[in-house]
Amino acid sequence: NADAAMYLAKENGRDGFHFFTPEVESASRRRMMIETGLRSAVRDGSLSLLYQPIFAARDGRMTKAEALLRWSHPQLGPVSPAEFIDVAEETGQILALGSWVLEEACRNLANLEVSGGGAFRIAVNISSKQFGQDLSTQIQGLLERHALDPRRLEIEITERVLLHPSTEVLGQLEALRALGVSIAIDDFGTGYSALSYLMAFRIDTLKIDRSFVVAMEKDVRSQALVGAITGMAHDLDARVVAEGVETAEQAALLSSLGVDALQGYLLGRPMPLDSLQSLLFRTGAVALAPL
Ligand code: C2E
Ligand code: MG
Ligand code: MG
Ligand code: MG
């Protein structure tokens with residue numbers, strides 16, 4: 001029967017065919033350590049947020065900063081979010097992590113001094129799993145508790161969330177939008193890109209994935225694509241941000257294609273809150289449209 005066959009396969013695997021090679025074993029051990037570590041991450045102070053500035057292409061003013069989660073595992077040291085977010089989504093731990101990120105970002109935003117009453121937004125990455133909880137009520141509560149103007153907060157979701165949105169997700173997005181929170185589509189162009197959902201649902205910001213920015217330099221068709229996406233986004237009243245801008249050539253090209261804002265190592269790496277505050281003091285901040 002199936003159980004016996006499985007048992008034999010396992011036995012063979014171990015002794016005969018080396019299914020458990022050292023790499024496989026250490027990879028699964030690492031995963032287990034990440035899973036276990038995540039369980040206490042919210043309580044043990046090993047999480048932190050960095051902020052990466054986003055600048056208007058037109059005048060170089062800082063309009064936003066994206067909150068990026070960092071985690072230092074007690075034994076493994078720093079683990080990239082590209083690695084632990086996936087694990088957290090699979091285990092459900094993303095709900096606790098996501099709540100911590102939202103709380104911390106709102107607390108930080110409330111403490112930021114923005115000169116001249118200029119509008120300045122913080123963008124927070126939201127996993128699709130977080131929509132299962134009552135996200136809009138959670139966010140509304142946080143905004144009230146920290147006395148924040150909802151227009152100062154933007155949430156970033158990936159295009160996958162809007163591909164086959166449940167009525168629950170659509171309802172949550174609608175409620176957030178009604179509050180005044182902005183919605184950004186992250187990593188645009190990496191998934192099942194369809195501009196149709198942009199028309200079905202109002203989006204404030206489209207973030208063009210770094211892979212386009214890289215391809216653009218060598219490939220004229222990618223430039224045409226970025227230009228076309230930007231044009232369509234503007235027709236739908238959305239702003240366009242380019243991610244992963246690393247060279248002055250990319251920045252110039254993106255600006256000439258009409259992209260509204262730039263984010264990348266060329267302009268600023270993810271940084272701690274106090275560095276972001278210094279940068280805000282030095283450069284000031286204005287929004288594309290005043291609050
Ligand atoms: P993302 O939201 O697309 O964030 C942009 C990523 O690109 C960040 O990686 C950032 O550090 C990196 N980046 C920025 N500029 C450049 C550049 O010029 N060149 C290159 N090569 N990379 C650049 P990071 O911080 O490692 O985050 C990776 C991903 O993990 C994020 O991609 C996001 O999907 C996820 N993530 C990060 N923080 C959170 C969070 O709080 N919640 C959730 N759900 N996901 C998060
Ligand atoms: Mg993002
Ligand atoms: Mg992104
Ligand atoms: Mg990305």
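In this predicted model, a polar side-chain atom of Arg210 is placed 3.1 Å from a nitrogen atom of ligand 1, and a polar side-chain atom of Glu246 lies 2.5 Å from a nitrogen atom of the ligand, where a polar contact denotes a pair of N or O atoms within 3.5 Å. Tyr265 contributes through its backbone, with an N or O atom 2.8 Å from an oxygen atom of ligand 1. Of the 800 Å² of accessible area that ligand 1 has on its own, the protein covers 81% (Shrake-Rupley method, 1.4 Å probe). Residues are numbered from 1 along each chain as its sequence is written, and chains are lettered from A and ligands numbered from 1 in the order in which they are written. Because the model is predicted, local features need pLDDT of at least 70 and side-chain atom pairs count only at pLDDT 80 or more, while totals for chains, interfaces and linings use all residues; side-chain values use heavy atoms, with hydrogens and water left out.

Around ligand 1 there are 20 residues, of which Arg70, Asn125, Asp186, Glu246 and Tyr265 come nearest (a residue is near if one of its heavy atoms lies within 4 Å). This shell divides into eight nonpolar, five polar and seven charged residues, with Asp, Glu, Lys and Arg counted as charged, Ala, Val, Leu, Ile, Met, Phe, Trp, Tyr, Cys and Pro as nonpolar, and the others, Gly among them, as polar. At least two shell residues are supplied by each of β2 (62-73), α3 (81-91) and β6 (182-188), and the largest share, four residues, comes from β2; helices (H or I, at least four residues) and strands (E, at least two) are DSSP runs numbered from the N terminus.

The magnesium ion (ligand 2) is coordinated by Glu66 (OE), Asn125 (OD1), Glu156 (OE) and Asp186 (OD) at 2.0 to 2.2 Å, donors being N, O and S atoms within 2.8 Å of the metal (3.2 Å for Na, K and Ca), and since water is not among the atoms, sites may look incomplete. Asn125 lies in strand β4 (residues 121-125) and Glu156 in strand β5 (residues 153-158), so the pair ties together parts that are 31 residues apart in sequence.

Notes: A polar contact is a pair of N or O atoms within 3.5 Å; within protein, one must be able to donate a hydrogen and the other to accept it, and residues adjacent in sequence count only if both atoms are side-chain atoms.
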